[in-house]
Amino acid sequence: MDRKEFIKKGSCGICIALSSGFLLSALLDSCKTPLGVVKTSSKEDIVLIPVKEFEQSDYKLVRVNNYDYDLAVQKNANGTYTTLVLLCSHAGQPLTRTGKNYYCALHGSQFDHEGHVTKGPAERDMIKLTTQIINDQISIQLKKTS
Ligand code: FES
């Protein structure tokens with residue numbers, strides 16, 4: 001069988017099927033939640049996250065439906081949890097995690113892992129939310145308390 005016959009007799013069908021399967025797989029992979037991100041919702045301004053989400057990592061980025069900014073939830077060495085709002089206190093831009101710290105791409109403010117300003121122009125620390133463990137759930141109060 002020469003090359004033209006091979007192509008005519010269905011090898012293209014096989015190629016199309018293989019490539020479409022590959023494309024479908026790649027498309028589905030792109031829809032997955034990135035590792036380390038927890039998508040959830042709140043009820044009466046409370047977000048609940050199972051403690052088991054932190055079995056593999058001490059840090060999770062939490063994305064809450066209908067809440068304007070992501071949350072950085074950190075498991076502390078003493079077993080407590082800290083939640084910071086990824087909001088720059090200078091002019092309200094979202095923050096990006098860099099290593100264990102946070103960075104604002106708009107004007108360059110930087111914050112340490114506890115949310116304290118380490119470089120301006122921001123002058124105020126990041127917002128810290130009340131976070132506690134209740135029955136194997138991490139409970140985060142979305143209203144600012146400090
Ligand atoms: S908004 Fe973040 S540094 Fe200005």
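The model is predicted. Its largest nonpolar core has 18 residues, and β5 supplies the largest share of them, 3 residues. The backbone includes a cis peptide bond from G120 to P121, and positive phi values occur at N66 and N135.

**Backbone geometry**

- Most residues other than glycine have a negative phi, and most peptide bonds are trans.
- Against that background, the bond from G120 to P121 is cis, with omega near 25°.
- P121 belongs to the loop that runs between β10 (117–119) and β11 (128–134).
- N66, a residue other than glycine, has a positive phi near 60°.
- The loop between β4 (59–64) and β5 (71–75) holds N66.
- N66 is classed as exposed because 6 other C-beta atoms lie within 10 Å, where the limit for an exposed residue is 12 or fewer.
- N135 is likewise not a glycine, and its phi is positive at about 50°.
- N135 is located in the loop between β11 and β12 (137–144).
- N135 counts as exposed because it has 7 C-beta neighbours inside 10 Å.

**Nonpolar core**

- Within the largest nonpolar core, of 18 residues, the residues with the most contacts are L71, V73, L86 and L95.
- Two or more residues of this core come from each of β3 (46–50), β5, β6 (81–85) and β12.
- Of these elements, β5 gives the largest share, at 3 residues.

**Surroundings of L95**

- L95 is one of the residues with the most contacts inside the core.
- Beyond its neighbours within four places in sequence, L95 is in contact with L86, L87 and C88, with Y102, Y103 and C104, and with F111.

**Surroundings of T118**

- T118 is part of strand β10.
- T118 counts as exposed because it has 12 C-beta neighbours inside 10 Å, a number that meets the limit of 12 or fewer.
- Sequence neighbours within four places aside, T118 is in contact with Q110, F111 and D112.
- T118 and N101 are 17 residues apart along the chain, and their C-alpha atoms are separated by 9.6 Å.

Technical notes
Residues numbered from 1 in each chain as written. Predicted model: local features only at pLDDT ≥ 70, side-chain atom pairs only at ≥ 80, totals over all residues. Helix = DSSP H or I, 4+ residues; strand = E, 2+ residues; numbered from the N terminus. Buried ≥ 20, exposed ≤ 12 C-beta atoms within 10 Å, placed from the backbone. Core = buried A, V, L, I, M, F, W, Y, C linked by C-beta atoms within 7 Å. Contact = placed C-beta atoms within 7 Å.
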